[in-house]
Protein chains: 4
Amino acid sequence: MHAAVSPIADATLARRLAAEGLGTMALLAIVIGSGIMGERLAGGNIAIALMGNTLATGAGLVVLITIFGPVSGAHFNPAVTLVASLRRELPWRVACAYVATQLIGAFLGVWLAHAMFAEPLLQVSGKLRDGPGQALSEFVATFGLIAAICGAARLRPQAVPSIVGLYIVSAYWFTASTSFANPAVTLARSLSDSFAGIAPGSVPVFLAVQLAGAAAASMVFHWLLQENAAP
Amino acid sequence: MHAAVSPIADATLARRLAAEGLGTMALLAIVIGSGIMGERLAGGNIAIALMGNTLATGAGLVVLITIFGPVSGAHFNPAVTLVASLRRELPWRVACAYVATQLIGAFLGVWLAHAMFAEPLLQVSGKLRDGPGQALSEFVATFGLIAAICGAARLRPQAVPSIVGLYIVSAYWFTASTSFANPAVTLARSLSDSFAGIAPGSVPVFLAVQLAGAAAASMVFHWLLQENAAP
Amino acid sequence: MHAAVSPIADATLARRLAAEGLGTMALLAIVIGSGIMGERLAGGNIAIALMGNTLATGAGLVVLITIFGPVSGAHFNPAVTLVASLRRELPWRVACAYVATQLIGAFLGVWLAHAMFAEPLLQVSGKLRDGPGQALSEFVATFGLIAAICGAARLRPQAVPSIVGLYIVSAYWFTASTSFANPAVTLARSLSDSFAGIAPGSVPVFLAVQLAGAAAASMVFHWLLQENAAP
Amino acid sequence: MHAAVSPIADATLARRLAAEGLGTMALLAIVIGSGIMGERLAGGNIAIALMGNTLATGAGLVVLITIFGPVSGAHFNPAVTLVASLRRELPWRVACAYVATQLIGAFLGVWLAHAMFAEPLLQVSGKLRDGPGQALSEFVATFGLIAAICGAARLRPQAVPSIVGLYIVSAYWFTASTSFANPAVTLARSLSDSFAGIAPGSVPVFLAVQLAGAAAASMVFHWLLQENAAP
């Protein structure tokens with residue numbers, strides 16, 4: 001269930017971790033940076049800010065998964081790494097290294113965005129994202145992300161980068177939470193008091209339902225996409 | 001005339017119905033959810049709300065057809081299922097099960113969107129969509145959808161997901177009705193008093209012209225895309 | 001230099017003309033219809049209206065060329081048909097029939113859009129598009145369109161539908177005329193007093209520079225994309 | 001590391017330079033032209049102007065790289081040509097001719113945009129783009145561009161045109177400088193006092209960090225995408 005194609009068999013762990021770290025850093029720089037840009041330019045029209053945020057994130061994901069997928073699988077997301085581990089496509093030792101690297105990359109990405117936009121590096125978000133609607137939204141968002149990756153990877157692996165990008169374009173708009181769908185992204189976005197931020201107090205529920213949504217999607221699509229037994 | 005590629009030969013009916021139900025539920029959650037998001041954020045500028053609605057629906061359709069197409073054909077639409085039955089690509093018994101499942105999925109999708117956005121689950125739309133311009137629009141919209149599916153499926157089956165998504169992006173803007181083009185979607189949208197809703201009184205005409213448009217397109221493209229007889 | 005791939009060898013002339021007529025009709029319905037939709041919803045913000053017009057036209061072109069390309073070549077444009085004839089890919093007799101059909105389809109498409117949006121069918125545009133900047137824009141727009149078709153058709157024929165769609169997305173914004181780039185489209189748009197209209201008095205210069213731009217591009221790219229002589 | 005695929009082996013230098021010149025001219029006409037269009041229509045909402053600018057540039061790049069890539073490699077960018085030379089994919093003599101042609105094309109493209117929009121041909125931008133945030137943004141923007149080209153060219157060469165286009169869509173929004181990422185583009189944009197301009201005094205820092213970012217990306221991705229030694 002790798003996000004692009006199977007990692008290059010001979011990619012060393014160092015290169016795989018570099019790919020996960022650089023990719024997650026870039027992803028957060030894109031999410032936070034385009035959020036700041038949208039908010040600054042849109043003159044109070046949040047829909048237009050979200051549209052810039054959407055296009056930048058969707059397009060950026062296609063690029064990042066295309067580049068890094070063949071090296072590391074382009075997870076950039078602990079929920080994706082968890083599912084890959086559950087399916088035994090990734091040893092647990094490697095999975096832990098992936099997640100740690102994703103987290104480091106995510107925080108660096110937030111600070112990179114702040115530096116580019118001449119904002120204070122260290123911030124804490126004050127943007128509450130609470131309530132059952134938000135929790136349901138994150139469950140749905142992560143369920144859908146894992147479904148999109150599983151479905152495309154199983155049936156049309158070359159399409160995974162564009163399918164993930166298109167999924168996020170859609171999910172930014174059809175979920176009430178604008179689809180974080182990624183525990184590393186969620187934690188890192190708590191450190192940005194900007195358009196894409198999330199107050200630390202809202203983070204734990206997001207993490208819990210994201211992991212639950214990922215596990216549920218993994219089970220449903222394991223059944224749905226199975227090959228039948230030979231007759 | 002399956003919407004993506006021929007269903008996996010060995011997919012059980014249960015899995016095919018699960019794909020139709022999940023896919024149609026997701027489609028409605030996307031249409032209704034992104035409509036609510038757009039309306040809430042756009043501050044009265046309907047064009048921007050429609051643009052968010054457009055991007056979310058178009059991108060979402062590409063994802064859903066890519067994922068579910070190889071399992072069930074990814075109809076999500078009684079008009080598509082009807083045309084497939086007329087062309088004897090689907091037994092009538094299966095077609096009826098498809099349509100029933102699409103309807104159930106569609107209603108669940110509306111309620112899922114309402115729940116994510118913390119709206120009352122049960123609503124009835126008050127948005128009238130009447131008059132000959134609206135009826136003509138839905139005839140054209142469904143004619144075009146069936147034409148797009150037939151043309152792409154016959155000539156470039158791998159392109160069906162993106163062609164359907166792009167068709168809807170275009171049709172949201174060039175028809176006066178914003179292109180429902182789907183009887184299950186039309187019925188379900190009557191239960192949402194939001195941006196994408198339709199008053200129940202406007203539904204019957206929509207259903208009639210949608211089916212007429214689908215049948216007309218099926219006939220025209222049967223002739224247009226035929227293979228010539230061997231000399 | 002067919003816009004998609006070589007026409008099906010055995011498509012009868014009747015089917016080829018039906019494809020050109022239906023496709024050009026749809027193209028105009030898209031251009032005019034999405035222009036009216038954008039203008040009605042955008043509340044005076046012309047940039048947003050143009051963006052809806054852009055997305056609908058670009059996405060619609062990809063769909064139309066994918067569907068109709070294998071039948072007729074998906075010209076939908078007398079300038080494209082002219083270049084194909086000059087290159088002897090199309091007999092002159094057939095080219096004349098193509099152009100006549102394109103014109104009929106274009107007018108029908110305008111009226112179809114007016115009917116969908118409940119506007120008077122017969123209109124004349126009052127929108128002047130005069131001056132050397134407009135003329136230069138149309139020369140550039142048509143030069144670029146022919147260049148895009150020639151380049152893609154010669155080197156990556158499967159990409160022609162998306163390249164033409166992307167070209168128009170770009171050209172709607174980088175030319176001062178919003179890129180008509182098509183004599184049939186230009187004539188038909190003179191009969192719509194809406195966002196996408198053009199006053200009849202501005203039409204002749206548009207037609208002249210469009211044909212000049214097409215001829216120039218055909219010559220430049222004939223040289224640029226040649227195969228070298230065998231050593 | 002050619003931007004699309006290896007140049008046609010037998011393309012003469014004259015044709016390769018024509019492709020670089022025409023392509024860079026078109027690129028600047030697109031960047032400047034769509035900036036003017038956006039600014040004129042958006043009524044002060046800069047986010048909408050940037051969105052038109054973004055779509056036009058991203059879509060245009062896909063077209064230009066598809067058309068010209070097989071002839072010249074579709075660099076259109078001295079930083080790309082420099083990296084290709086460092087990797088010995090291009091003799092230095094040819095690289096110098098490429099860069100000179102890119103610069104000439106870039107200036108012609110600016111003037112073409114001004115002529116289409118009936119603006120004075122000769123202008124100097126007054127738009128300061130100074131400070132460490134801007135410099136960091138351009139380093140990141142060019143690093144990312146070279147990374148995208150290297151990654152896609154090494155692993156999925158057919159995807160290079162769309163990956164470069166998507167990268168620019170994203171980078172216009174996630175960098176504070178809106179991603180010039182190209183020394184020829186930067187120099188030429190100093191001669192347009194419009195939306196996309198840059199004051200001459202801000203140019204030297206942009207050029208320096210662009211070249212530094214390109215060199216850094218070339219080194220990092222040379223290591224990251226290496227084939228391992230045979231066992």
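Before going on, some housekeeping. This is a predicted model, where local features need pLDDT of at least 70, side-chain atom pairs count only at pLDDT 80 or more, and totals for chains, interfaces and linings use all residues. Residues are numbered from 1 along each chain as its sequence is written, chains are lettered from A and ligands numbered from 1 in the order in which they are written, and side-chain values use heavy atoms, with hydrogens and water left out.

Back to chains A and D. What does turn up across that interface is 4 residue pairs in polar contact, both residues at pLDDT 80 or more. A polar contact here is a pair of N or O atoms within 3.5 Å; within protein, one must be able to donate a hydrogen and the other to accept it, and residues adjacent in sequence count only if both atoms are side-chain atoms.

Which elements of chain A give two or more residues to the side that touches chain D? Helix 1 (13-41), helix 2 (46-72) and helix 4 of chain A do. Helix 2 of chain A has the largest share, 14 residues. By helix I mean a DSSP run of H or I, at least four residues, numbered from the N terminus. Sorted by type, that side of chain A has 26 nonpolar, 8 polar and 2 charged residues. For that sorting, Ala, Val, Leu, Ile, Met, Phe, Trp, Tyr, Cys and Pro are nonpolar, Asp, Glu, Lys and Arg are charged, and the others, Gly among them, are polar.

In residue counts, 36 residues of chain A are in contact with 36 of chain D, contact being heavy atoms within 4.5 Å. For chains A and D the buried area is about 3000 Å², with 76% of it on carbon and sulfur atoms. That area is what two parts lose on being put together, with a 1.4 Å probe, summed over both.

Now turn to chain B against chain A. Here too the buried area is about 3000 Å². Which residues of chain B lose the most area to chain A? They are Arg15(B), Ile67(B) and Met116(B), together 22% of what that side buries. The salt bridge count between chains B and A is 0, and 4 residue pairs are in polar contact.

Next, the record for chain A. An unreviewed UniProt entry lists "transmembrane region" for several spans, including 90-113 and 205-225; positions are in the numbering used here, feature names are shortened, and annotations may be inferred rather than shown by experiment. In the model, residues 90-113 of chain A are 92% helix, with end C-alpha atoms 31 Å apart. For residues 205-225 of chain A, the helix figure is 95% and the ends lie 30 Å apart.

Finally, the alanines. Ala118(A) has a positive phi of about 55° although it is not a glycine. It sits in the loop between helix 4 (92-116) and helix 5 (132-155) of chain A. Ala74(C) also has a positive phi, near 55°, and lies in the loop between helix 2 (46-72) and helix 3 (78-86) of chain C.

Buried or exposed, then, for Ala118(A)? Ala118(A) is exposed, at 67% relative accessible area, while Ala74(C) is buried, at 2%. The cut-offs are under 20% for buried and over 50% for exposed, partly exposed in between, with a 1.4 Å probe and protein chains only.

Terms used:
A salt bridge is a side-chain nitrogen of Lys or Arg within 4 Å of a carboxyl oxygen of Asp or Glu.
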